[in-house]
Amino acid sequence: MLSRIQQDLFDFIEQDPQELEGLIEFWYKANTDALSAALVNEDGYKVMVSISDFNRFEILSKKLFLLSDTIVLRDTRDWTSDKLQEMSIPHPKDSYKPGYYDDVIDKLKNLRPSPFTLKHRPEQFYWT
């Protein structure tokens, strides 16, 4: 199920490679809950890591794979910059239906996303 959802992202962004960043942003916002539910459904231990500096990520990732079967990497380098504040996010003209919907809806409707699901780029930033 997870690989089918991931393939949908690649199919979706292939429609217009010139709008790559905006299409990825739209897809993650529209599919975060399904992606989270599919991750929760997979066996094994998962770790979600937000990375704002990739200089030491390779060393960190080797250690994380000792603990985890799946690492979800979120690139947060530009989240606090003004660069993404004015990014255009294209929206489909018709109502949006994910390409994986018909293939996995029977499995997805019985799953729930993790309560710790983090949207691709949250509207507010909280530090603890």
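Predicted model: local features only at pLDDT ≥ 70, side-chain atom pairs only at ≥ 80, totals over all residues.
In which sense do strand E1 and strand E2 pair? The two strands, E1 (residues 46-51) and E2 (residues 70-75), run parallel over six bridges, pairing being called when DSSP finds at least two bridges between strands. Across the pair, Val49 sits opposite Leu73 in E2. Numbering starts from 1 along each chain as its sequence is written, and side-chain values use heavy atoms, without hydrogens or water.

Turning to the helices, H1 (residues 2-13) packs on H2 (residues 20-41) at about 170°, with the axes 10 Å apart. That makes H1 roughly antiparallel to H2 (angles over 145 degrees). The contact (heavy atoms within 4.5 Å) involves, among others, Leu2, Ile5 and Asp8 of H1 and Trp27, Tyr28 and Leu39 of H2. By class, this contact has 15 nonpolar residues, no polar ones and one charged residue.

As for aromatic pairs (ring centres within 6.5 Å), the count is four. The Phe12 and Tyr96 rings have centres 5.6 Å apart and planes at 75°, so this pair is edge-to-face (planes over 60 degrees apart). It links distant parts of the chain, 84 residues apart: Phe12 lies in helix H1 and Tyr96 in the loop between E2 and helix H4 (101-108).

Conventions
Axes fitted to C-alpha atoms, helices over the stretch in contact; angles between N-to-C directions. Helix = DSSP H or I, 4+ residues; strand = E, 2+ residues; numbered from the N terminus. Parallel < 35°, antiparallel > 145°, perpendicular 65-115°, else oblique. Nonpolar A, V, L, I, M, F, W, Y, C, P; charged D, E, K, R; others polar. Phe/Tyr/Trp six-rings, centres within 6.5 Å; stacked < 30°, edge-to-face > 60°.
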